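Here are my notes on side-chain contacts, as numbered points. Please read them with the structure open.

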Amino acid sequence: MSTLATPQISTTTWNLDPVHSVAEFKVKHMMISNVKGQFPKVTGKLTLDESDLMKSQVEATIEAASIETRDPQRNAHLKSADFLDVEKFPTLSFKSTGLRRVGEGELAVEGDLTIHGVARKVVFSVEGPTPPAKDPWGNARIAVSATTKISRKDFGLTWNATLETGGILVGDEVTITLDVQFVKAA
């Protein structure tokens, strides 16, 4: 009688390193240039399925009030009910629902992005994950870079002002970029 070997499922947990990670965005200002900002307070977790990368999962949470655009008045406006309404909606979040390979070292990660209390399906174009590297303290690290574009109106962020030239003050399309390092959990 032969025994069937049960396949080994090899999943590892990786925690987002907030000191070496950043969530950034850019949006058109006055229809002529991009304004950039970032959310420095990001947390998250990657459950990496080493036998089948496509079964991996990632989730991230951003503290909305941590928004930084290098202008205190603009930061305050973005935190207000006109935009993020951080008192009512203190976090932005992403939870993956599927991955697919699109090239060597390139993935499409689909998931639910929640901003301003509204969840929408988005797809991030992801470079990585990188091969693991040991830091000077013996921790294993990997990194990814992910980008997507959203319509801010799809998330209920509709505030705007008309310019005397006929344009608008704030563009609708927002590019979101995440450059993230993960540390393997012990």
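How many aromatic pairs does the structure hold?

1. Aromatic count. This is a predicted model. The structure holds 2 aromatic pairs. Each is taken in turn.

2. F25 and F39. The ring centres of F25 and F39 lie 5.7 Å apart, and the planes meet at 45°, so this pair is tilted. F25 sits in strand β2 (residues 22-29). F39 belongs to strand β3 (residues 33-39). The pair therefore ties together parts that are 14 residues apart in sequence. F25 and F39 are both buried.

3. F94 and F124. This aromatic pair is edge-to-face. The centres of F94 and F124 are 5.1 Å apart, with 80° between the planes. F94 comes from strand β6 (residues 91-103), and F124 from strand β8 (residues 118-127), so parts 30 residues apart in sequence are tied together. F94 is buried, as is F124.

4. Salt-bridge count. Searching the whole structure gives 4 salt bridges.

5. R141 and D17. R141 lies in strand β10 (residues 140-151). D17 is in the loop between β1 (11-16) and β2. The pair therefore ties together parts that are 124 residues apart in sequence. Are R141 and D17 buried or exposed? Both R141 and D17 are buried.

6. R141 and D135. R141 has a relative accessible area of 17%, so R141 counts as buried. D135 is buried too, because its relative accessible area is 10%. The cut-off for buried is under 20%.

7. The network. Which residues are linked in a network of salt bridges? They are D17, D135 and R141. Please view these residues together.

8. K41 and E63. K41 is in the loop between β3 and β4 (42-49), and E63 is in strand β5 (residues 57-63), so the pair ties together parts that are 22 residues apart in sequence. K41 is partly exposed, because its relative accessibility is 48%. E63 is also partly exposed, with a relative accessible area of 35%.

Methods:
Residues numbered from 1 in each chain as written. Predicted model: local features only at pLDDT ≥ 70, side-chain atom pairs only at ≥ 80, totals over all residues. Heavy atoms only, no water. Phe/Tyr/Trp six-rings, centres within 6.5 Å; stacked < 30°, edge-to-face > 60°. Helix = DSSP H or I, 4+ residues; strand = E, 2+ residues; numbered from the N terminus. Buried < 20%, exposed > 50% of the residue type's maximum accessible area, 1.4 Å probe, protein only. Salt bridge = Lys/Arg side-chain N within 4 Å of Asp/Glu carboxyl O.
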